[in-house]
Amino acid sequence: MMDLRYLLLIILALEILCVANGDNLVFQVERRKTTLSGIKHHDHHRRGRFLSSVDFNLGGNGLPTRTGLYFTKLGLGSPKKDYYVQVDTGSDILWVNCVECSRCPTKSQIGMDLTLYDPKGSHTSELISCDHEFCSSTYDGPIPGCKAETPCPYSITYGDGSATTGYYVRDYLTFDRINGNLHTAPQNSSIIFGCGAVQSGTLGASSEEALDGIIGFGQENSSVLSQLAASRKVKKIFSHCLDNIRGGGIFAIGELVEPKVRTTPLVPNMAHYNVVLKNIEVDGDVLQLPSDIFDSGNGKGTVIDSGTTLAYLPVIVYDQLIPKIFARQPELKLARIEEQFKCFPYAGNVDGGFPVVKLHFEGSLSLTVYPHDYLFQYKVV
């Protein structure tokens, strides 16, 4: 178990076949591999990065000792070139590093070649000027001092101190579209995205998690999801399905028709994808928590985020949950590993020796978390 008080490891990956309707788009997504310490380090930075029918195929491995960030391969421009970008529901815009970029990464330890986008190398590329309607709507009005042909700038500073700055362009995004009988065919759509000129922090040249950029699936009109929906390519719906057997999974934009799934509503008027977590049940007993502990607002609430590996809990919740999880095994001897993880030797079947945890959400939706989901094996070298 993690000795972080507010941290509980819960693998929410399921092996599931997703069948979308004919208006869906598809993207393959991969999962970066890292160490346990790497997971915590990544999430520490990722949590600071929250900003105030297409399938993206996922790959990689969903095991807790080999997880990091999700990324997918996009085709941009004409002729199409491939770019690897992080899939992120916690931010909005798509941006990639561009040829004039200063301090942009040129190598990646994740295992792929990085590519700089060149607007002049694509015959369908178009500069978005500061007097463009998109620019005005993004900045809630005209930019002071804007002159014709001046690029529309973008600048994002994340909570961990990382920053990306550049300008907006329009070009073709190539994707796989489902055309019936589980077959896909490549199609493209014109979208507006950021052309990164300066990167810093974990987005810079020295980052071990280097990618070509980030694709945000937030709620703003600037997101790829919103732009595709506005052009009537798809409905403004997306699904994230993970495979913890073979690794990877799928990120589908558009309405999912199979399998039939139960849902819980999103909290309206929130900057992120908030849901209402009603209570937590352990071994049949509901934790006795303050009634407002999971309330949304003022930076509180339960957020669904594709960029965070672990599930984070308030201290008051964690402190009640952990004793109940270990109540069946009071004789266990915990040892600290890597100066932050508490581990213990156990030869039995964890599903028989530890309790089931249930998360109850609004709309009578429950998520059952088995011991093999929140406990994981760790080999001491």
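Is Tyr-168 buried or exposed? Tyr-168 is buried, because its relative accessible area is 4%. Buried means under 20% relative accessible area, exposed means over 50%, and partly exposed lies in between (1.4 Å probe, protein chains only).

The model is predicted: local features need pLDDT of at least 70, side-chain atom pairs count only at pLDDT 80 or more, and totals for chains, interfaces and linings use all residues. Residues are numbered from 1 along each chain as its sequence is written, and side-chain values use heavy atoms, with hydrogens and water left out.

The structure holds nine aromatic pairs. Rings of Phe, Tyr and Trp (its six-membered ring) pair if their centres lie within 6.5 Å; planes under 30 degrees apart count as stacked, over 60 as edge-to-face and the rest as tilted. One of the pairs joins Phe-134 and Tyr-168. This pair is edge-to-face, at 5.1 Å centre to centre and 75 degrees between the planes. Phe-134 belongs to helix α2 (residues 133–138) and Tyr-168 to strand β10 (residues 163–178), so the contact ties together parts 34 residues apart in sequence. Helices (H or I, at least four residues) and strands (E, at least two) are DSSP runs, numbered from the N terminus. Phe-134 also counts as buried, at 11% relative accessibility.

Phe-344 and Phe-354 form a tilted pair, because their ring centres are 5.7 Å apart and their planes stand at 40 degrees. Phe-344 lies in the loop between β22 (341–343) and α5 (350–353), and Phe-354 in the loop between α5 and β23 (357–361), so parts ten residues apart in sequence are tied together. Phe-344 is buried at 17% relative accessibility. Phe-354 is buried at 1% relative accessible area. Ring pairs link Phe-344 and Phe-354 with Phe-326 and Tyr-346 into a cluster.
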